[in-house]
Amino acid sequence: MLKLSTRNFLIALALFAVVILAASALNNRKPAPADIAADAAQPTSVATKINAMYTPGLSPDRRAFSAAEEAYSVNLWRIHDKVKTSSVQLSFAGLSYKLKELDRAGVKAKIEPQAEIYRNALHDLGLLFVPESLKELHQTYVKAVNFYADASQDMIKIAADGDEQHLLDAHGKTNQAGTLLLKVGAELWPGEFKPN
């Protein structure tokens, strides 16, 4: 059975009181006159307000993709799925090395498969049919993968000389790559999860 000390009981009681007071304050909050006027002018249901928070599909200001653009987006996603997973592995390998969980040989062993993923991604990107309207976005994506490929090569160099400057160089490149991928993702996959 769980025993509460007097101190813990008082802390729990104080937290409970704060929650009750906050809930009471929210229930008793009177709407401002401007809120009342706005609600009266636009009769909407709660369901409509909730649906306005999340609307699946296209946003009103985003045009629909053509069939070719949609096909490109789907095919690029197959590549992107591996690239973004690999980018996380790249970061974890660098962190593990800094935390001394991996030695130099361990970093190389973790990074070489990621470098292969980037080589394959660059090859596959060259095979995609890219609609004229998405050529610039495609080049942005290729640039991002090149940054990741370069970063992986920088990290592999640690195995040879142990110079941590390689990690710093790789970090700068992965940051640039991540920024570019977010730009592409915002255009092609606006609902994609974006890490902090």
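Modeller: Happy to! Let's begin with a pair: helix 4 and helix 7 make a left-handed crossing. Bear in mind that this is a predicted model.

Colleague: Which residues of helix 4 and helix 7 meet?

Modeller: From helix 4 the list is Y72, S73, L76, H80, V83, L90, G94, Y97 and K98, and they meet L167, T174, L181, V184 and L188 of helix 7. By class, this contact of helix 4 with helix 7 has nine nonpolar residues, four polar and one charged.

Colleague: How do you know that the length of helix 7 agrees with its number of residues?

Modeller: Helix 7 covers residues 165–188, which is 24 residues, and at 1.5 Å a residue they should span 34 Å. The expected span uses one less than the number of residues. The end C-alpha atoms of helix 7 are 35 Å apart, so the two values agree.

Colleague: Why is S87 called buried?

Modeller: Its relative accessibility is 11%, and buried means under 20%, so S87 counts as buried. S87 is found in helix 4. Leaving aside neighbours within four places in sequence, S87 is in contact with Y118 and Y148.

Colleague: Why are helix 4 and helix 5 called roughly antiparallel?

Modeller: The axes of helix 4 and helix 5 (residues 104–127) cross at roughly 160° and come within 9 Å. With the cut-off at over 145 degrees, helix 4 and helix 5 are therefore roughly antiparallel. Their crossing is left-handed. Among the residues that meet there are S86, S87 and L90 in helix 4, and Q114, I117 and Y118 in helix 5. This contact of helix 4 with helix 5 divides into twelve nonpolar residues, four polar and four charged.

Colleague: And how many helices and strands are there in the protein?

Modeller: Seven helices and zero strands, giving the pattern α-α-α-α-α-α-α along the sequence. Of the 196 residues, 29% count as buried. Among contacts with a separation of 6 or more, 74% come from residues 24 or more positions apart.

Terms used:
Residues are numbered from 1 along each chain as its sequence is written. This is a predicted model: local features need pLDDT of at least 70, side-chain atom pairs count only at pLDDT 80 or more; totals for chains, interfaces and linings use all residues. Side-chain values use heavy atoms; hydrogens and water are left out. Helices (H or I, at least four residues) and strands (E, at least two) are DSSP runs, numbered from the N terminus. A crossing is left-handed if the near helix is turned anticlockwise from the far one by less than a right angle, and right-handed if clockwise. Contact means heavy atoms within 4.5 Å. Ala, Val, Leu, Ile, Met, Phe, Trp, Tyr, Cys and Pro count as nonpolar, Asp, Glu, Lys and Arg as charged, and the others, Gly among them, as polar. Buried means under 20% relative accessible area, exposed over 50%, partly exposed in between (1.4 Å probe, protein chains only). Axes are lines fitted to C-alpha atoms, for helices over the stretch in contact, and angles run from 0 to 180 degrees between N-to-C directions. Angles under 35 degrees count as roughly parallel, over 145 as roughly antiparallel, 65 to 115 as roughly perpendicular and the rest as oblique.
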